[in-house]
Amino acid sequence: MKPSDLQAIEYNSYYQPYISLAPDIDIIEGLKKGKEDFLTFYNSISEEKSLYKYAPNKWSIKEVIQHVIDNERIFCYRALRIARKDTSALLGYDQNDFVPESYADQIPLSSILEDYTQVRNSTITLFKNFQPHMWQIIGNANGSPLTPLAISCILMGHEIHHNKIIKERY
């Protein structure tokens, strides 16, 4: 599966900006490449620089990375539930409530990047083991349709989105 296999009925239009950033390659290969690019970039940032915020009330680099991790965990949980044909309406979450409670700035950058690596590896394994029909099962997340395929594209694009912001503003 790849992003061009995705249909608009599989996700809320809110996610289109992220989906549009996902490279149109095999999902598993895209997630692996994203991990390599992410780690190469963030491993080059010093502990001191990782605490930088480009404006008051903005997230530090560590907080942005932790947000990417939290988001991936939540979306993979949704993908698992949807792929297993759980018809429950899955709740949304407020990222602005999550970030301060992560205390990311008090965790060494190396530990945050280790966490990212473990989460991404788990994401790759989860999606790698999906059967072909599971990718387009439509679930209900935060009151909108969502498929595992859409989730995988959102994850790739969301990561690219935040990397661009870091590179432009930090």
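First, the ground rules. This is a predicted model, where local features need pLDDT of at least 70, side-chain atom pairs count only at pLDDT 80 or more, and totals for chains, interfaces and linings use all residues. Numbering starts from 1 along each chain as its sequence is written, and side-chain values use heavy atoms, with hydrogens and water left out. Helices (H or I, at least four residues) and strands (E, at least two) are DSSP runs, numbered from the N terminus.

Start with helix α2, residues 27-42, and helix α6, residues 148-169. Their axes come within 11 Å and cross at roughly 20°. Axes here are lines fitted to C-alpha atoms, for helices over the stretch in contact, and angles run from 0 to 180 degrees between N-to-C directions. So α2 and α6 are roughly parallel, a label for angles under 35 degrees. From α2, residues including L31, F38 and F41 meet α6 residues, among them M156, H162 and I166. Contact means heavy atoms within 4.5 Å. The residues of that contact divide into nine nonpolar, five polar and three charged. Nonpolar covers Ala, Val, Leu, Ile, Met, Phe, Trp, Tyr, Cys and Pro; charged is Asp, Glu, Lys and Arg; the others, Gly among them, are polar.

Next partner: helix α5, residues 109-128. It packs on α2 at about 175°, axes 10 Å apart. That makes the pair roughly antiparallel, meaning over 145 degrees. By class, this contact has ten nonpolar, four polar and four charged residues.

Now helix α3, residues 61-83. Its 23 residues reach 33 Å from first C-alpha to last, close to the 33 Å expected at 1.5 Å a residue. That expected span is 1.5 Å times one less than the number of residues. In α3, 19 of the 23 residues are buried, so the helix is largely enclosed by the rest of the structure. Buried is under 20% relative accessible area, exposed over 50%, partly exposed in between, with a 1.4 Å probe and protein chains only.

Which residues does Q66 touch? Leaving out those up to four places away in sequence, R73, S102, A104, I112 and D115. Q66 sits in α3 and is buried, at 8%.

Last, the backbone. Most residues other than glycine have a negative phi. K85 is exposed, at 57%. Y103, in the loop between α4 (95-102) and α5, has a positive phi of about 55°. Y103 is partly exposed, at 45%.

How values were computed: Parallel < 35°, antiparallel > 145°, perpendicular 65-115°, else oblique.
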